[in-house]
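Hello! Here is the structure I promised to pass on to you. Have a look at it first, and then read my notes below.

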Amino acid sequence: MAWYTNAVFYELYPRAFADGNGDGWGDFAGILERLDYLEWLGVDCIWITPIYPSPLKDDGYDISSYYGIHPNYGTIEEFRLVVDEVHRRGMRIIPDLVMNHTSDQHPWFRIARQSRQSRLRDYYVWSDTPSRYADARIIFLDTETSNWALDPVSQQYYWHRFYSSQPDLNYDSPAVQQAMLDVIKYWLDLGVDGFRVDAVPYLFEREGTNCENLPETHEYCKRIRRFMDDHYPGTILLAEANQWPRDTLPYFGNGDEFHMNFHFPLMPRLYMALARQDRTSIVDILAETPEIPPGCQWGTFLRNHDELTLEMVTPEEREFMWNTYAPEPRMRLNLGIRRRLAPLMNNDRRKILLMYSMLFTLPGTPVLYYGDQIGMGDNIHLPDRNGVRTPMQWDSGPNAGFSSAPSYQLYAPVIDDEVYGYRRVNVAAQKADPDSLLNRIRHMIHVRKQQPALAEGKLHWVEDAPLSTLVFWRTSPDQNLLILHNLADVTVRLSLPPTMPALAIDILTGEQITTSEPLTLPPYAFRWLASATGA
C-alpha cells in the first residue's frame, strides 16, 4: 500500500499557525515549536500553502520568485530545518506548487513586458485582441470581467485565468516547461516529499475549447511525473483540479500522472445531505465517480483556505446551500461560502463529528484544515477569504498563544467572540479534556489508520436503510466494516444487514452490539462496526 493511501493530511497556513519571532506573523520558527502537536494529532503529511516571495495580493499564490522564501516566514535554512524535523517525527511535507501563473512582479514578467521583442516574451500569453479563447469561463466572476488584461507598457493583452495581477505562464514555450522542472528539482533537492499543485487544469490554451483539461496539459503533467519517479521515488503529486469526477479522472492517467486528486464535488454534497437529512446527493456523486487506477487516491476534505466552493452544484442547489449555510451576504464569496466548519454547523458538536465521520469513512485520504479540529470560528468582516485564515488558537493567553507581539501588530485579529473566542476554544483546554472535540477527532484519526478497509476498501451501500441515514460497507480482503450515520435530527432504529456477524463491536467505543436487534442511532450519531471476532 502506498504511504498516501492510508494517511491523514493537514493543511497548514504558515502565516496563521504560530509566530516564533514575535512579529505578529506566523513563521517557520513557530511551526517548529508546534510540530509535536501535529505528530500527537496523528498527521502523516503536512501540506503547506505558499511560502515564496510574493507581493501577497493573493496570499502568496502570486509568486514573485520560485526560488526563495518570503522573509516574513524566515530563511531557506529554517525551512530546511522544518523539513528535517518533520521527517524526524515520521511525517512528510508537501509545499504548494503554483504552476499556472506568477505575480506580475515576477522578474520573468517584468522582463517579458518591456517590449514585444523581449527575450522572455514567450514566457507568457499575449494577444493584440481580448477576443481570443472566448469559450474560456471567467473564474473570479466577482472581481474580473475578462481573462485578458491590457499591459500599458507593451500595449498588448496578457492572459490570466485568475486575478489580473497573476499573468498565466505560456506552457507552449519549451523554456517555460524546463524552467518549471528546474523549480521542482530545486525543492525536491531540499527534501520535500512532493507537491500540492495549484490550478492544474489551465496550463495550456487552445482556440475553440474552454482551455481546461487539454491533452497538452496531461502530456506535460506526465512529463513531471516521469521526472519525479525517475529521480525522486516516493514523492507525490496532489492535484487541485476543481472539476467533475469524469473530467478529473484523466489527471490520474494510467497511474502515471497525479498520485492524488481532490474530490471537489463530494465536499458540498456532504453539507447538502446533512441539511436535507437525505443521503441522495452523496450517493449520486459517488455513483458518477469512476474507478481510479491502482496506486491512485482521492483527496477528500471538509474545508480549506478558500471559500467552500459551489461551482460543482446546480444553480438550484447553490441557492439552497447559500440560504442554509450563508444567509447573510457577507458569508458569501464568488460562487461559494467563506465560513469555517464549526460556524457552518452552528457549533453543534454532534454535526461537526458527524461530518468528520463521513470524511474518515468514505473513500479517499482525508485532508484536514488547521483549526477545524478545535472548532475555530471565522471573521466574515475580514476581506476576501481572510475570514477563515485567522490566527491558530493555542491557549487562553494573550493573542491565543499565537504570538508574543502586541495585538495590533498581528497580521489579523484573533477570534474573540463569546462562542468561538480563544478563551473558550483553544488547543490547550481541549487537550486537557478527554471528551473534547479535539480528542474525539484525534481518536477517530488513530482508529481510522488501523483499518485497512478504510484505506483502500470497496464501498457498498446498504440501500434499504432510511434516506435520512448514510449506511455502507467498506470491504477489503482483510476486513469488513459497517458504517452508519444518522443525518437527521430525530432518533432512528436500524435493522442491521443479515450478513453482519451475530456480535459486532463499535471500533470507536469498544462497545459490543448484538446485531439481531435493531440498532438505535440518536440524532446525528454514527457507528463504525466490525465483527467482534475479527472476521
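**The largest pocket**

Strand E15 gives the most to the lining of the largest pocket, with 4 residues. Before going on, please note that this is a predicted model, in which local features need pLDDT of at least 70 and side-chain atom pairs count only at pLDDT 80 or more, while totals for chains, interfaces and linings use all residues. Residues are numbered from 1 along each chain as its sequence is written, and side-chain values use heavy atoms, with hydrogens and water left out.

Helices (H or I, at least four residues) and strands (E, at least two) are DSSP runs, numbered from the N terminus. Pockets and cavities are found on a 1 Å grid over the protein atoms alone: a cavity is a set of points where a 1.4 Å probe fits but cannot get out, and a pocket is an open set with protein on both sides within 12 Å along at least five of seven lines; lining residues have an atom within 4 Å of a point. Grid points are joined across faces, edges and corners, and a volume is the space filled by probe spheres set on the points.

How much space lies in the largest pocket? The answer is about 600 Å³. Of the 23 residues lining this pocket, Glu-291, Ile-292, Pro-363, Gly-457 and Lys-458 are the closest to its centre. Two or more lining residues come from each of helix H9 (280-287), strand E10 (297-301), helix H15 (452-456) and strand E15 (458-461). The lining divides into 12 nonpolar, 7 polar and 4 charged residues (Ala, Val, Leu, Ile, Met, Phe, Trp, Tyr, Cys and Pro count as nonpolar, Asp, Glu, Lys and Arg as charged, and the others, Gly among them, as polar).

**Cavities**

The structure also holds 5 cavities of 30 Å³ or more. The largest cavity has about 400 Å³ of space and is lined by 28 residues, with Phe-140, Phe-162, Glu-240, Asp-306 and Arg-385 nearest its centre. Its lining has 11 nonpolar, 7 polar and 10 charged residues.

Two strands pair if DSSP finds at least two bridges between them. E5 pairs with strand E6 (residues 156-159) over 4 bridges, and Ala-149 stands opposite Tyr-158 in E6.

Another open sheet of 3 strands has the order E11-E13-E12, again antiparallel. Here E12 and strand E13 (residues 336-337) pair over 2 bridges, with Arg-332 opposite Ile-337 in E13.

**Two packed helices**

Helix H2 (residues 28-41) and helix H14 (residues 437-448) pack at about 60°, with their axes 9 Å apart. Axes are lines fitted to C-alpha atoms, for helices over the stretch in contact, and angles run from 0 to 180 degrees between N-to-C directions. H2 and H14 are therefore oblique to each other (under 35 degrees counts as roughly parallel, over 145 as roughly antiparallel, 65 to 115 as roughly perpendicular and the rest as oblique). Tyr-37, Trp-40 and Leu-41 in H2 meet Leu-438, Asn-439, Arg-442, Ile-445 and His-446 in H14, where contact means heavy atoms within 4.5 Å.

Best wishes, and enjoy exploring!
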